[in-house]
Amino acid sequence: MKPPILLKTILDICFFILLISLIASMGIILSHLFLTSEGMPIYLNDHIIGDITMPKIILLILAIFQAGIFLFSVYTLRKVVHNFFKKRLFTSIQITGLNLAGRLIVLASILDAIVSFSSNLILESNLKLRFGIESTFGSFWLQLAMGLFLILLSKSFEKAKSFKEENELTV
């Protein structure tokens, strides 16, 4: 099996870009909260956060937590892909890594929906529910499906590992 070099490269680039953007976002938010209220405005889901109140702080913390969970899911996928370079299939690292990454992506997409709903409620003071399919990879339904697919893939790897072990015992 040829190692997935392109996938490894893409995941590495995505991981470092997400890490830099998360650190920069946290720095901007912390400087805005503690140093001065002047300077760069803070945006959350295309809304400017003006005066800082406790619900807005909780919303920002939840958004940063969601971004951190998504970053950790990309990190976990990186570890799984790096494990494929050892030219072994159906290892425990691959099975648990795929399962964990899938669960984290599902959790991150649910938290993203909660943050989006809450930001409309808190920042605009109106209730908005959107049910639709976006044509981007950031779509809630596509992210949810990718997470569930990774969980299914981990279950398939687990089943294949048991078949492989059984086959090795009979030979």
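**Exercise 1.** Is Phe72 buried, partly exposed or exposed? Classify its ring partner Tyr75 likewise and describe the pair.

*Solution.* The model is predicted.
Step 1: the relative accessible area of Phe72 is 38%. Buried requires under 20% and exposed over 50%, so Phe72 is partly exposed.
Step 2: Tyr75, with 32%, is also partly exposed.
Step 3: the two rings are stacked, with 6.0 Å centre to centre and 25° between the planes.
Step 4: both residues belong to helix α2 and are three residues apart, about one turn of the helix.
Step 5: Phe72 and Tyr75 form one aromatic cluster with Phe15 and Phe16.

**Exercise 2.** Determine the geometry of the pair Phe90 and Phe157, and state which parts the pair ties together.

*Solution.* Step 1: the centres are 5.3 Å apart and the planes make 75°. Edge-to-face requires over 60 degrees, so this pair is edge-to-face.
Step 1: Phe90 lies in the loop between α2 and α3, whereas Phe157 lies in helix α4; the pair therefore ties together parts 67 residues apart in sequence.
Step 2: Phe90 is partly exposed at 23%, while Phe157 counts as buried at 13%.

**Exercise 3.** Which elements give two or more residues to the largest nonpolar core?

*Solution.* Step 1: this core has 15 residues, and those with the most contacts inside it include Leu98 and Phe157.
Step 1: the contributing elements are α1, α2, α3 and α4, with the largest share, six residues, coming from α2.
Step 2: beyond four places in sequence, the contacts of Leu98 include Leu77, Leu150 and Phe157.

Technical notes. Residues numbered from 1 in each chain as written. Predicted model: local features only at pLDDT ≥ 70, side-chain atom pairs only at ≥ 80, totals over all residues. Heavy atoms only, no water. Core = buried A, V, L, I, M, F, W, Y, C linked by side-chain atoms within 4.5 Å. Buried < 20%, exposed > 50% of the residue type's maximum accessible area, 1.4 Å probe, protein only. Helix = DSSP H or I, 4+ residues; strand = E, 2+ residues; numbered from the N terminus. Contact = heavy atoms within 4.5 Å. Phe/Tyr/Trp six-rings, centres within 6.5 Å; stacked < 30°, edge-to-face > 60°.
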